Amino acid sequence: CFGFPLSIFFIVINEFCERFSYYGMKAVLILYFKYFLHWEDNLATAIYHTFVALCYLTPILGAIIADSWLGKFKTIIYLSIVYTIGQTVLSVGSINDLTDHNRDGSPDNVALHIALSMIGLILIALGTGGIKPCVSAFGGDQFEEDQEKQRRTFFSLFYLSINAGSLLSTIVTPNLRAQECGIHTKQRCYPLAFGVPAALMAVALVVFVIGSKMYKKVKPQGNVMLQVSKCIGFAIKNRFQHRSKEFPKREHWLDWANEKYDKQLIAQTKMVLKVLFLYIPLPMFWALFDQQGSRWTLQATTMNGDFGILVQPDQMQIVNPILIVVMVPVVDYLVYPLIKKCKINFTPLKKMTVGMFLASMAFVAAALVQVQIDKTYPVFPAAGQSQIRLINLGAAPATVQFQPQLQSVDVAPNEATGYMTFETSKLQSLDIISASLNKTEPLKLLEGHRYTLAFKLGLSDINSNLIWDNVTSKPEEGKNLIRFINNYPFPVNVTMDDMKFGILSPLSVSNYQLISNRDGSFLIEASMASMATCRVLSKKFGYGSAYTISVDDCTGYNLNVTYFEDIAPNTVHMAWQIPQYFLLTCGEVVFSVTGLEFSYSQAPSNMKSVLQAGWLLTVAVGNIIVLIVAGASKLSKQWAEYVLFAALLLVVCIIFAIMASFYTYVDPNEIEAQFSEEKKEEHKKDQDDNEKEAEDDSRM
């Protein structure tokens, strides 16, 4: 088909579906841990990075299985089945109604959901990692030797399908998660967010199987990683057995493998180890890079996602693949040529050093954003303290004096003060004074709690109500807490859309109800006995706010309400994350792309899979670093952790620059050509010797 083997189209479609499945599931994973399994941030981050580390450790296992035992085709089939089962188990584990027997909206057996989720993730890690090194190589196997141009085009299509799958899934699955679904109670729709990727993985498997009769299947030919490992192991063992001084030293410790392995394999292994030595500092880059899906997504949950349309926190990860598509050609065709014109020797290792520095600066930017977010957090009372605020629902101003002689506050009509903090043991009462009216309100407050005193001035007295504000933290997931207070002189029945707040007597307050954010307004209705129902559309509540809404009066059928802000909405916009994504993506372009290119240029042709395994191993170790820091960190402020990671990478960047300065670039092709020439000479010498022996025999 157009000069291509028909089989490669099945492989490209398979890769698109698999990448959609993986990135779609991964995009919502950290929020699933936090909001469904109710894990705190550090535990959620640690488990997330454990999973990612597993995904980058298992490719080594997959490559060994494919090259030494099953072959690429069977390995892809069997591990795709494991992968699909894992996605399905994870989706089932996220069904709230599975154990919600009392129908209160929370799972009754959280342990079962955790067990199913962990089993699913382990199977997914085994599946996605196991097939990672096989699919692209299997696609390459479909071409003949004279189809080099078509093979290059295939790899371009292959990587385009990877980016297309990740891009689409990062848009789609967060939107599916944000929907509400359920049999008995409506919750965030994690079963759908995980179910669609599971369905796509099943499609990937079916598509791959359909093309099975068209594939060119190469038999397993042994794994070079095992050969290299055995060569290194034998050299170490042999050196240890001959450690006494009576044995002469050898030029390189790998030369102790001469007794068993040929010189070419040993020379190639030396070249590979030189590059792998440079890999030692690289995990620190990945420790920062992979936090896009964990810490940065959690950071986005505390920000304002109103871009004209509602952007979910886990959708901000899409900035990275979009910037990759833009930045790769810009860097390749504009930045590098400009640097070359300036006659700067910008070697691959220098590029990687710059990439590390840019990633470090990305986390400095993240820390600056976090400092601004922290300023918007409400301050709750500490031990031995209580907080109180005042709402004047009347038409006249009033002065409130906190006794004994602690503070005096003026409150205007239909206005509220902020929360004021007092030592609980010292605050005994307060006096409300307005014109000739005076009322003393005795106070018996509990430590560590917030209170609201709502009061209204009458003709001859002052009515008041001390309300306990049972809120101890800012609402999460951008949701809002809403309650109503009745400013009518008679009972009022209040609803907002389909939420019922109950019948409120004068100056009484409803309980807070948690509502999801949405682009439009809510319909507030208040009905009174023998009177028509009054209505009004609510204001937009923003993200992560809490409001007390006063039901004041009715003009015609229009309800008049007053909004009192209990907790301010998120004011730092998600767009402020774009600079840190930009810096990190620029770092990725000059680090990751250059790193792979450098590794392949310095490796012998038959050793590229060893370096591929080493590269994936650095990603796994980077994620292990994150889970260690997240588990062991005693830093109470998130911005401080960002600064810590930035500082660690900066130190590693300097170490890598020093290591790189001692590296000598080699041309593997020249070295292989030398060995090839030596082998030819040896072969010719053997032939000459054989001919000479034959001549001698004939003379005899």
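Keep in mind that the model is predicted. The structure has 1 cavity of 30 Å³ or more, and a search of the whole structure turns up 38 aromatic pairs.

**The cavity**

- The largest cavity holds about 40 Å³ of space.
- Threonine 301 has a relative accessibility of 9%, so it counts as buried.
- If you trace the chain from threonine 301 to tyrosine 543, you cover 242 residues in sequence, yet the two are 9.0 Å apart in space, C-alpha to C-alpha.

**Aromatic pairs and a cluster**

- Among the 38 aromatic pairs, phenylalanine 138 and phenylalanine 208 make a tilted one, with 5.7 Å centre to centre and 55 degrees between the planes.
- That pair links distant parts of the chain, with phenylalanine 138 in helix H4 (residues 110-141) and phenylalanine 208 in helix H6 (residues 190-210), 70 residues apart.
- Phenylalanine 138 and phenylalanine 208 are both buried.
- Tryptophan 286 and phenylalanine 591 pair up edge-to-face, at 5.8 Å centre to centre with 75 degrees between the planes.
- Tryptophan 286 belongs to helix H9 (residues 283-289) and phenylalanine 591 to helix H13 (residues 578-601), so this pair ties together parts that are 305 residues apart in sequence.
- Here too both partners, tryptophan 286 and phenylalanine 591, are buried.
- There is also an aromatic cluster, formed by Tyr32, Phe33, Phe36, Trp39, Tyr190 and Phe194.

**Lysines over tyrosine rings**

- Lysine 351 has its charged end over the ring of tyrosine 336, 3.9 Å from the ring's centre.
- Lysine 274 lies over the face of tyrosine 663, and here the distance to the ring centre is 4.8 Å.

- Glutamine 403 and proline 404 are joined by a cis peptide bond, with omega at about 5 degrees.
- Proline 404 falls in the loop between strand S4 (398-403) and strand S5 (407-411).
- Alanine 435 is not a glycine, but its phi is positive, near 50 degrees.
- You will find alanine 435 in the loop between strand S8 (429-434) and strand S9 (437-442).
- With a relative accessible area of 82%, alanine 435 is exposed.
- Is glutamate 477 buried or exposed? At 19% relative accessibility, glutamate 477 counts as buried, because the cut-off for buried is under 20%.

**Residues far apart along the chain**

- Alanine 660 is part of helix H15 (residues 638-661).
- Its relative accessibility is 14%, so alanine 660 counts as buried.
- Alanine 660 and leucine 278 are separated by 382 residues in sequence, while their C-alpha atoms are 7.3 Å apart in space.
- Lysine 270 sits in helix H8 (residues 263-278).
- At 25% relative accessibility, lysine 270 counts as partly exposed.
- Lysine 270 and leucine 650 are 380 residues apart along the chain, and 29 Å separates their C-alpha atoms.

Key: Residues are numbered from 1 along each chain as its sequence is written. This is a predicted model: local features need pLDDT of at least 70, side-chain atom pairs count only at pLDDT 80 or more; totals for chains, interfaces and linings use all residues. Side-chain values use heavy atoms; hydrogens and water are left out. On a 1 Å grid over the protein atoms alone, a cavity is a set of points where a 1.4 Å probe fits but cannot get out, and a pocket is an open set with protein on both sides within 12 Å along at least five of seven lines; lining residues have an atom within 4 Å of a point. Grid points are joined across faces, edges and corners, and a volume is the space filled by probe spheres set on the points. Rings of Phe, Tyr and Trp (its six-membered ring) pair if their centres lie within 6.5 Å; planes under 30 degrees apart count as stacked, over 60 as edge-to-face and the rest as tilted. Helices (H or I, at least four residues) and strands (E, at least two) are DSSP runs, numbered from the N terminus. Buried means under 20% relative accessible area, exposed over 50%, partly exposed in between (1.4 Å probe, protein chains only). A charge sits over a ring if NZ of Lys or CZ of Arg is within 6 Å of the ring centre and within 35 degrees of the ring normal.
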